[in-house]
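Student: I have a new structure to look at. Can you walk me through it?
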Amino acid sequence: MKFFIRTYGCQMNERDSEAAAALLRQHGHEQVLNEADADVIIVNTCSVRSKAEAKALGKLGILASERRPGRLIGVMGCMAQRLGADVFEKVPGINFVIGTGSLGLLPRAVETAAGGGGPFVDVGDLLNGSVCTSAHVYDNQQAKAFVNVLFGCDRRCSYCVVPFVRGRERSRPAEEILAEVLDLAQHGVREITLLGQSVLSYGRKGNVWSPDHVSPRGLTEPFPKLLEAVAAVPGIRRVRFTSAHPSGCTPELARVFATVEQICEHVHLPLQSGSDRILKMMRRGYTVDDYRRAVERLRQAVPTMAFTTDIIVGFPTETEEDFEATRAIVEEIGFDNAFVFKYSPRPGTLAAEWKDDVPPSEKLKRNKILLEDLDRIAMKRHQQKRIGSIQEVMADGFSPRNRKMWSGRTRDFMTVVFEPPAGARPGDFLNILIRRATPQTLYGEVRP
Ligand code: SAH
Ligand code: SF4
Ligand code: F3S
């Protein structure tokens, strides 16, 4: 059958969609790039805010209302995990629902539905995690790849649904990860992004390294050791990871950043709030000062380090004063980019039991103020350290906004738009002189 996958949510979902596609291809199905050509459409969903669910449900509703005879509609991902069979009630006409831990059952779900059986639902075994074998996942010549290193999350921040839809934290054995990276590198991958919700927790709860492994730098912590080993795989030129947490920004992490060339100087370090009282209610496990020290430690190791972050505005009881504290630390750190989210109560979480007492108009206002601050801060940083400099850019291909131009990323994760040189290919490393900037994009010219 011809299948099409539509993906919402974070990089974990993007990675799962790739794995799902590979699995279906192995079972003889054909992936199509146009939704209209598909006999089976799978929507990979996110649950993190109510808007994310509304988007997926809206999309499913439209698909179901088209009533194309013989076409199947399936749901996977975090909302599928959370709602299970309730999806069938919310959107009549759905053929199967596959939870985050049941990805391996996708071919069976498709075959059952195609044979007229169903509806098929499996949200059973969160602990088994997703399928993550990878060689054939990247048979389409990508230069970049995501690699799962840690599934689930045990932090249980009070607002967050992720632990409920992705299960307990499980780290993959380092050898398995390294074998995957080697395989990817041999298939032409040059940039690896290691994925985990709180990825610096990797290996803290069990044996991920064999006792025979010796770190060339004498590192002892599991995640810094992993970074060092991934960077040493022949062919890998860039290593990234997401998301970080201040508790993992240790002296060893700083040391690998300072000494391993392939590790790119960018950290996505979610802040969430600049008020200690709110951070405590969020159960984030750090204070503003801990956060500040984490940033300082990494900047001492690599002075050009770029930081990006996530911030929630309008958390229950957030006052004007709390919000001003967030603005102050945002200014102080000097983020290069940030996502700002309006607090959204999620069923089953601790915070959902508290009154969502910041009115929507106030959330909107705080969101807007913070975005303006962030744009101004980013522009200042571009002027200070980027405009006029030559940056190494890994080309991604056509710029989504202007098909005559290409875009790519600097080592510090800024998007650069440029005119491609003759014969350029995605994955090429180019030197680009940065001429100008908008808050989220740099523009430049390729230099020899
Ligand atoms: N594991 C990552 C975050 C994953 S969710 C981390 O903690 O580092 C991505 C972002 O969504 C979070 O950082 C947070 O800013 C936001 N988010 C999560 N739950 C939310 C909610 N209930 N309302 C609004 N934003 C939320
Ligand atoms: Fe959610 Fe917190 Fe885990 Fe991130 S660290 S996924 S915000 S519970
Ligand atoms: Fe969304 Fe699931 Fe990621 S809830 S943010 S897709 S882990």
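Student: Which residues surround ligand 2?
Tutor: This is a predicted model, so keep that in mind. In it, ligand 2 is surrounded by Cys153, Arg155, Arg156, Cys157, Tyr159, Cys160, Val162, Pro163, Gln197 and Arg284.

Student: How many of the residues in that shell are nonpolar, polar or charged?
Tutor: The shell around ligand 2 has 6 nonpolar residues, 3 charged ones and 1 polar one.

Student: New topic. How many helices and strands are in the protein?
Tutor: The protein has 13 helices and 19 strands. Its radius of gyration is 22 Å, close to the 22 Å that the globule rule gives for 448 residues, so the protein is as compact as a globular protein of that length.

Student: What does the C-alpha trace span along its principal axes?
Tutor: About 60 × 55 × 50 Å.

Student: And how is the protein divided into domains?
Tutor: Domain 1 covers 2–122 and domain 2 covers 138–264. Domain 3 runs over 266–384, and domain 4 over 390–447. The centres of domain 1 and domain 4 are 34 Å apart, taken over C-alpha atoms.

Student: What share of the residues count as buried?
Tutor: 55% of the 448 residues. Buried means under 20% relative accessible area.

Student: Last one. Among contacts with a separation of 6 or more, what share comes from residues 24 or more positions apart?
Tutor: Those residues account for 72% of such contacts.

Definitions and conventions:
Residues are numbered from 1 along each chain as its sequence is written. Chains are lettered from A and ligands numbered from 1 in the order in which they are written. This is a predicted model: local features need pLDDT of at least 70, side-chain atom pairs count only at pLDDT 80 or more; totals for chains, interfaces and linings use all residues. Side-chain values use heavy atoms; hydrogens and water are left out. A residue is near a molecule or strand if one of its heavy atoms lies within 4 Å of it. Ala, Val, Leu, Ile, Met, Phe, Trp, Tyr, Cys and Pro count as nonpolar, Asp, Glu, Lys and Arg as charged, and the others, Gly among them, as polar. Helices (H or I, at least four residues) and strands (E, at least two) are DSSP runs, numbered from the N terminus. The radius of gyration is taken over C-alpha atoms; the globule rule is 2.2 Å times the number of residues to the power 0.38. Buried means under 20% relative accessible area, exposed over 50%, partly exposed in between (1.4 Å probe, protein chains only). Contact means heavy atoms within 4.5 Å. Domain bounds come from an automatic or database domain assignment.
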